[in-house]
Each structure stands twice: as C-alpha cells, then as structure tokens.
Amino acid sequence: MVRHVSLPRGALQEHHREHLRPGRDHPVRARPEGALAVAKTLRNGRTTGSCASAAAMAGVRFLLTGERPKTVDVPLPPGGTLAVPIERMEPGDGGVRVTVVKDGGDDPDVTHGHDIQAVVSLEPGETSPPAVFLDGGKGVGRATLPGLPVAVGEPAINPEPRKQIEAAVRLAAKGFAGRILVTVEVPEGETIAKATMNPRLGIVGGISILGTQGIVKPYSHASFKATIAEGLSVARAQNLDRVVFTTGRRSERFYMNSRPDTPETALIQAADFFAFSMRAAMEHGFTEVVWAVFFGKLVKQAQGLEYTHAKTHPVDFVLLAKRCLEAGIDPARVPAVREANTAAQVLDMLRDDPARNNFIKLLVKKAAGHADKWAGNKSNVSYAVFDFDGHALGG
C-alpha cells in the first residue's frame with residue numbers, strides 16, 4: 001500500500017514507505033545495502049500516520065481548551081514521541097479541521113508536501129475513557145479486495161497508524177468523557193493515489209494512511225519489502241495459484257504483451273529483492289512463480305545473489321565467461337566476455353553465436369535453482385527473459 005513505499009534497518013522505520021510509485025526497472029529508490037554511513041546523515045520524515053495523529057491530537061486540544069498549538073508531540077508506535085508542526089486550524093460546524101503538511105524528509109515520496117487533515121468533533125457523554133470513532137473521508141482510499149491489512153469496505157488506515165491516532169487522541173482528551181469523532185482526509189489523495197500501487201491492490205478513491213514506526217527513514221528497504229508481501233497477500237486472497245515477479249514497469253509491460261491473460265493482481269514488482277521475494281512467495285503458499293526479467297538481472301540471479309542492485313552487487317564476468325563455455329559458446333569469444341563492462345554488452349557480442357539460446361537457458365536453470373533454494377526447495381520457478389526492446393530471449 002504503497003510508497004506512500006516505497007524499505008528494517010533501525011527502530012524508526014516506515015513499514016511501507018509512504019506511497020510507492022509503480023516502479024521502473026529499477027523502481028526502488030532505496031539506498032544500496034551497505035551504505036549506512038551515508039544514510040545516517042539524511043533527514044528523517046514523518047509518516048502519514050504521524051501526520052494524521054498530530055492533526056487529530058491538535059483538534060482535540062483546540063475543542064477542549066481553545067488552544068491552537070503550533071506543534072504537538074505525537075506518540076510513536078514503538079514508543080517515544082515526535083514533534084509535528086501544525087499548519088492550520090479551521091473551526092466550523094461544531095468541530096475543527098486541522099491540517100498537517102506531509103514531510104518525507106530526505107526521501108520524499110508522492111505524498112511529500114501534501115495536506116493530511118483530521119476533522120474532529122466531540123460528543124460529551126458518560127464514556128470514560130472516551131470512545132474514539134475513526135473514519136476516512138475525501139482522499140483516503142477504501143479497501144475493495146481481501147488480503148489487505150484492513151477489511152473490505154473499510155478506510156485504508158492501516159492497523160498501526162489507527163492505533164497511533166487513537167492513542168494521540170486519548171492523550172489529548174484526558175479528563176474528557178464521551179465520544180471523539182475523527183475523519184482523516186487528504187484533499188489531493190485521489191489524484192496522488194494514481195501514482196501509487198493502491199489501484200493494483202484494490203484500494204480505491206485515495207491513498208492509504210501508513211506507518212508502523214511513525215518515522216520515515218530515508219532509503220530504507222523495509223517498506224518495499226512490505227509492499228511485495230502485501231501484493232502476495234492480495235494475490236492469495238484472489239485464489240491465484242501463480243504469481244509473476246517483475247523488476248519494474250518495463251519488464252511487467254513486456255510480460256503482459258506476451259501473456260495478456262495474466263490477472264493484474266498476479267503481477268508483483270519485486271525489483272532487486274530476489275531472495276526475499278521467493279521466501280515471501282513460499283510463506284504465502286505460492287509454489288508456481290514466474291520471474292519476468294531482463295538479461296542483466298537474469299545473470300545476477302544466476303550468480304545466486306540475494307539482492308541484485310546494480311551498484312552494490314555487480315556481475316561476475318569471470319563466472320559468466322565460465323557459463324559461456326559450459327553452454328558451448330565459441331571459446332574465441334570468451335576472453336571478451338571476461339573483460340566486458342555490462343551484461344548487455346555480453347548479450348550483444350553473442351547475438352550471432354549459435355549457442356546463445358543454450359547459454360540463456362543455462363542461466364535460467366541456474367537462476368531457477370537459486371530461486372527454489374530461497375523458497376525452501378518447494379517451488380516451481382520459470383522465467384520470461386527479455387532484451388531491452390521487449391524481445392523474448394532463450395526460446
């Protein structure tokens with residue numbers, strides 16, 4: 001439910017980075033694994049859950065005391081608090097509308113800079129502590145498919161931010177008895193959601209309110225992984241027996257061109273997360289898995305790399321040259337393969353070799369073996385391999 005991902009490396013991390021855009025190859029903006037020293041200097045952001053919590057908390061304080069706080073300290077799900085500035089407060093109709101501006105820190109996403117609002121009203125009564133009624137209004141999506149963290153028909157306010165909002169409201173309402181009504185709204189949410197994976201996951205009408213930690217840590221991987229897992233959960237709830245992992249929009253498009261009968265919910269953008277995706281597929285009960293990849297990604301998966309980011313996990317050209325010999329590639333070409341700079345360069349230099357298809361089939365066999373290993377040797381893995389023009393390779 002996503003970026004709105006987006007990905008854990010510390011206690012204060014987003015579970016789903018706020019509102020993941022459908023990816024390109026490669027879609028993940030996550031900093032490469034192993035780059036923590038740089039990441040530590042980056043500025044954290046706040047989740048939509050924290051924004052909604054702050055708006056609701058400020059609204060309760062205004063209605064009870066008339067105070068217009070400039071900032072509020074919202075409770076975070078793991079503990080502690082986060083100071084969140086309040087943009088504006090607009091009383092009316094017996095309640096108040098409070099606006100907080102979403103700040104994604106140094107890893108802004110599609111919700112960065114947009115208004116997150118809470119419309120708050122109070123109904124005094126006998127209930128103590130007060131009962132909190134939370135709903136989603138304009139720009140907050142609704143679940144239409146099973147398999148999501150919220151039930152079909154419910155607003156897309158995930159369980160942890162829901163708890164966070166309720167905790168914030170009760171903290172501000174100490175001494176009050178009765179009902180507290182909170183409606184979360186995102187004025188531009190329906191437009192923003194078109195740039196996220198929400199429509200694919202069956203969340204319609206707006207974005208999701210997310211955040212298991214309350215803080216967005218830049219370039220984290222946890223949120224993208226959570227998006228993969230959520231896609232698998234939705235696919236399982238649709239009773240699908242096969243999923244197709246792609247590395248981004250282009251590989252997904254090429255696969256759909258070749259297999260237009262594929263249900264959209266079966267397509268999951270897994271990016272560089274090779275091992276994680278296979279483990280998650282096994283955990284969700286999928287034994288039939290297809291990988292739709294470009295040649296370079298196939299090469300890295302055939303090496304057995306758990307994570308295949310271009311900068312941190314390079315192609316092993318010495319090993320690739322060995323695979324060429326195993327597949328029957330002309331030995332005269334092998335030294336050039338060993339000295340190549342990119343996998344695409346290797347593919348091009350082998351374009352007229354009679355053994356090229358055997359070479360690609362060998363890499364597919366190696367990659368599928370590693371994929372099955374990550375899945376506990378319980379999966380049936382096949383591959384659709386493309387060149388950059390969308391032509392199928394290794395047929």
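Predicted model: local features only at pLDDT ≥ 70, side-chain atom pairs only at ≥ 80, totals over all residues.
Strands pair through backbone hydrogen bonds, and they can do so in a parallel or an antiparallel way. Here the sheet is open, its strands follow the order E4-E5-E6-E9-E7, and the pairing is mixed. At the edges stand E4 and strand E7 (131-136); each has a single partner strand, so one side of each is left without a neighbour in the sheet. Going from one strand to the next, the twist averages 20°. Leu134 has Val182 in E9 as its bridge partner.

Two helices come up against this sheet. H2 packs on it and touches E4, strand E5 (95-101), E6 and E9, with a direction that makes about 40° with that of E6. Helix H3 (residues 159-172) lies across E7 and E9, and it runs at about 135° to E7.

Ala56 sits in helix H2. Is Ala56 buried or exposed? Its relative accessible area is 0%, so Ala56 is buried. Leaving out residues up to four places away in sequence, Ala56 touches Ala118, Val120, Ile165, Val169 and Val182. Val182 has turned up already, as the bridge partner of Leu134. There is also a pair that is 43 residues apart along the chain: the C-alpha atoms of Ala56 and Thr99 are separated by 9.1 Å.

Ser50 is also found in helix H2 (residues 48-65). With a relative accessibility of 0%, Ser50 counts as buried too. If neighbours within four places in sequence are left aside, the contacts of Ser50 are Val74, Leu76, Leu82, Val84, Gln164 and Gly214.

Now for the other sheet. This one is open and has four strands in the order E13-E12-E14-E15, with parallel pairing. Strand E13 (267-269) and strand E15 (380-386) take the edges, and each has a single partner strand, so one side of each lacks a neighbour in the sheet. On average, neighbouring strands here are turned by 25° against each other, direction ignored. Strand E14 (residues 288-294) and E15 run parallel and are joined by seven bridges. Across that pairing, Val289 stands opposite Val381 in E15.

This sheet has helices lying across it as well. H6 lies across strand E12 (242-246) and E13, and its direction is at about 175° to E13. Helix H7 (residues 249-258) lies across E12, E13, E14 and E15, running at about 115° to E14.

H6 also has a helix partner. To describe two packed helices, one gives the angle between their axes and the distance between the axes. For helix H6 (residues 222-237) and helix H8 (residues 274-283), the angle is about 30° and the axes are 10 Å apart. Their crossing is right-handed. Which residues of H6 meet H8? Lys225, Ile228 and Leu232 do, and on the H8 side they meet Phe276, Ser277, Ala280 and Ala281.

Finally, the charged pairs. Side chains of opposite charge can pair when their charged atoms come close. The model has 17 salt bridges. In one of them, the side chains of Arg88 and Asp115 meet at 2.9 Å, N to O. Arg88 lies in strand E4 (residues 88-92) and Asp115 in strand E6 (residues 115-124), so this pair ties together parts that are 27 residues apart in sequence. Arg88 counts as partly exposed, at 33% relative accessibility.

Another salt bridge joins Arg333 and Asp353, whose closest N and O atoms are 3.1 Å apart. Arg333 is in the loop between helix H10 (317-327) and helix H11 (334-338), while Asp353 is in the loop between helix H12 (343-349) and helix H13 (356-374), 20 residues apart. Arg333 is partly exposed, with a relative accessible area of 23%, whereas Asp353 counts as buried at 7%. Elsewhere, salt bridges that share partners link Arg88, Glu90 and Asp115 into one network.

How values were computed:
Residues numbered from 1 in each chain as written. Heavy atoms only, no water. Axes fitted to C-alpha atoms, helices over the stretch in contact; angles between N-to-C directions. Left-handed = near helix turned anticlockwise from the far one by under 90°. Contact = heavy atoms within 4.5 Å. Buried < 20%, exposed > 50% of the residue type's maximum accessible area, 1.4 Å probe, protein only. Pairing = 2+ DSSP bridges. Salt bridge = Lys/Arg side-chain N within 4 Å of Asp/Glu carboxyl O.
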